[in-house]
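Trainee: Could you walk me through reading a structure like this one? I would like the general idea first, then the case at hand.

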Amino acid sequence: MHSRILWDKGVKEFFEASQILKKQKFDCMFYLIGKIDYNNPSTIPKEKLLKWSENDNFKWLGYKNNITTYLIKSDISCLPSYREGLPKSILVDCACGTPVITTKIPGCEDIIKDGFNGILINPRSSDSLANAVLCLAKNPKKREIYAKRSRKIIEERFSIEEILKKTTFMYKKIL
């Protein structure tokens, strides 16, 4: 998971999902990448992140400039957010070919179609997130299909050329 370190991004559910799978003795690692946003009232205290990182299957790595390096090595990316605009993190995930698990909310649903190029779960549900991670972790073929479909969606709908074309069209329509 890579995002700002806020409760609203579903970081607590991400941690809880790691602990659910740990109790099930499923061997996987949950990495959280992002910086603490000290100016946001929804920020998660550093002490809490450090405490969570004491678990052997969960690590907070802090902010990373080279996020694509981590995504390319990842089997799955998660954004269990409570609300979004158009999440740039999911756009980056899809462009890197990393399968995505995210929530059934506007913004996320604009990029990820459940069962087509990723998995959509209910917000605030650690159990749903853990089940989705388990589903994708056990199915490399499904991850590969989702990754290819996501990359194609990015190229067709979210490339810089496509965005420029749509923006120019809107400007011309207004004028």
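Predicted model: local features only at pLDDT ≥ 70, side-chain atom pairs only at ≥ 80, totals over all residues.

Trainee: Which helix holds Ile174, and is Ile174 buried or exposed?

Mentor: Buried means under 20% relative accessible area, exposed over 50%, and partly exposed in between (1.4 Å probe, protein chains only). Ile174 lies in helix α7, residues 160-174, and counts as exposed because its relative accessibility is 65%.

Trainee: What nonpolar patch is there on the surface?

Mentor: Patches are made of residues with over 30% relative accessible area and no salt bridge; like charges are joined within 9 Å, and nonpolar side chains (Val, Leu, Ile, Met, Phe, Trp, Tyr) within 5 Å. The areas come from the Shrake-Rupley method with a 1.4 Å probe, and for residues only the protein chains shown count as cover. Here Tyr171, Ile174 and Leu175 form such a patch, with about 450 Å² of accessible area together. The C-alpha atom of Leu175 is separated by 38 Å from that of Lys148, 27 residues away along the chain. Lys148 belongs to helix α6, residues 140-157, and is exposed at 57% relative accessible area.

Trainee: Which residues of α1 are buried, and what covers them?

Mentor: An α-helix has 3.6 residues a turn, so residues three or four places apart point the same way. In α1 the buried residues are Val11, Glu13, Phe14, Phe15, Ala17, Ser18, Gln19 and Leu21. Their cover includes β1 (30-33), α2 (46-52), β2 (58-62), β3 (77-79) and α5 (126-137), where contact means heavy atoms within 4.5 Å.

Trainee: Which way do the residues of strand β5 point?

Mentor: In a regular strand the side chains alternate between the two faces of the sheet. From β5 (residues 118-121), Gly118 and Leu120 point one way and Ile119 and Ile121 the other, and all are buried. Two strands pair if DSSP finds at least two bridges between them; β4 (residues 100-103) and β5 run parallel, joined by four bridges. Thr102 stands opposite Leu120.

Trainee: How many salt bridges does a search of the whole structure find?

Mentor: A salt bridge is a side-chain nitrogen of Lys or Arg within 4 Å of a carboxyl oxygen of Asp or Glu. The search finds 11. One of them joins Asp37 and Arg4 at 3.2 Å, N to O. Asp37 lies in the loop between β1 and α2 and Arg4 in the segment before α1, so the pair ties together parts 33 residues apart in sequence. Asp37 is buried at 19% relative accessibility, whereas Arg4 is partly exposed at 41%.

Trainee: Which residue does Lys51 form a salt bridge with?

Mentor: Lys51 meets Glu54, with the closest N and O atoms 3.4 Å apart. Lys51 is exposed at 52%, and Glu54 is exposed at 59%.

Notes. Residues numbered from 1 in each chain as written. Heavy atoms only, no water. Helix = DSSP H or I, 4+ residues; strand = E, 2+ residues; numbered from the N terminus.
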